Amino acid sequence: NPFTAEKRLTEIDLGCNQQFVFSMQLRLPASFEVDHLPKNMLMMTPDSSFSYKVLYAKSPGTISFSQIFEIKRAVFTKDEYEGVQDFFKKMYALTTEEIVIKKKK
């Protein structure tokens, strides 16, 4: 998380509008099964300048996982820092959710 400082003295310039997509598919050995998948989630700022979407799905022997992070506005004033910091804090907390698999009985 790049926004951990308590205060911001300058504007935030993220360069340009951006979208980051990460997708992964895991194939499980036949002797394992999914015990827990985190909930699908969409998080967005009130003005839609940032959004973060995470999707989980399972089918027999497979887990699919996708994250989409979008920046729709690249420049923020130092007065907007608290909102930017809060969004990134929540987003990074969601990235630590765990997929739990277990050996079949």
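This short tour visits salt bridges in the structure above.

Keep in mind that this is a predicted model, where local features need pLDDT of at least 70, side-chain atom pairs count only at pLDDT 80 or more, and totals for chains, interfaces and linings use all residues. Residues are numbered from 1 along each chain as its sequence is written, and side-chain values use heavy atoms, with hydrogens and water left out.

**What to look for.** A salt bridge here is a side-chain nitrogen of Lys or Arg within 4 Å of a carboxyl oxygen of Asp or Glu. Searching the whole structure turns up 5 of them.

**Stop one.** Select Asp86 and Lys90, whose side chains meet in a salt bridge with 3.2 Å from N to O. Why are the two separated by about one helical turn? Because they sit 4 residues apart in helix α1 (residues 81–94); a helix is a DSSP run of H or I with at least four residues, a strand a run of E with at least two, both numbered from the N terminus. Asp86 has 36% relative accessibility and Lys90 has 45%, so both count as partly exposed (buried is under 20% relative accessible area, exposed over 50%, partly exposed in between, with a 1.4 Å probe and protein chains only).

**Stop two.** Zoom in on Glu33 and Lys102, whose closest N and O atoms are 3.9 Å apart in their salt bridge. This pair links distant parts of the chain, with Glu33 in strand β3 (residues 32–36) and Lys102 in strand β8 (residues 100–103), 69 residues apart.

**Stop three.** Finally, select Glu80 and Arg73, which form a salt bridge at 2.5 Å, N to O.
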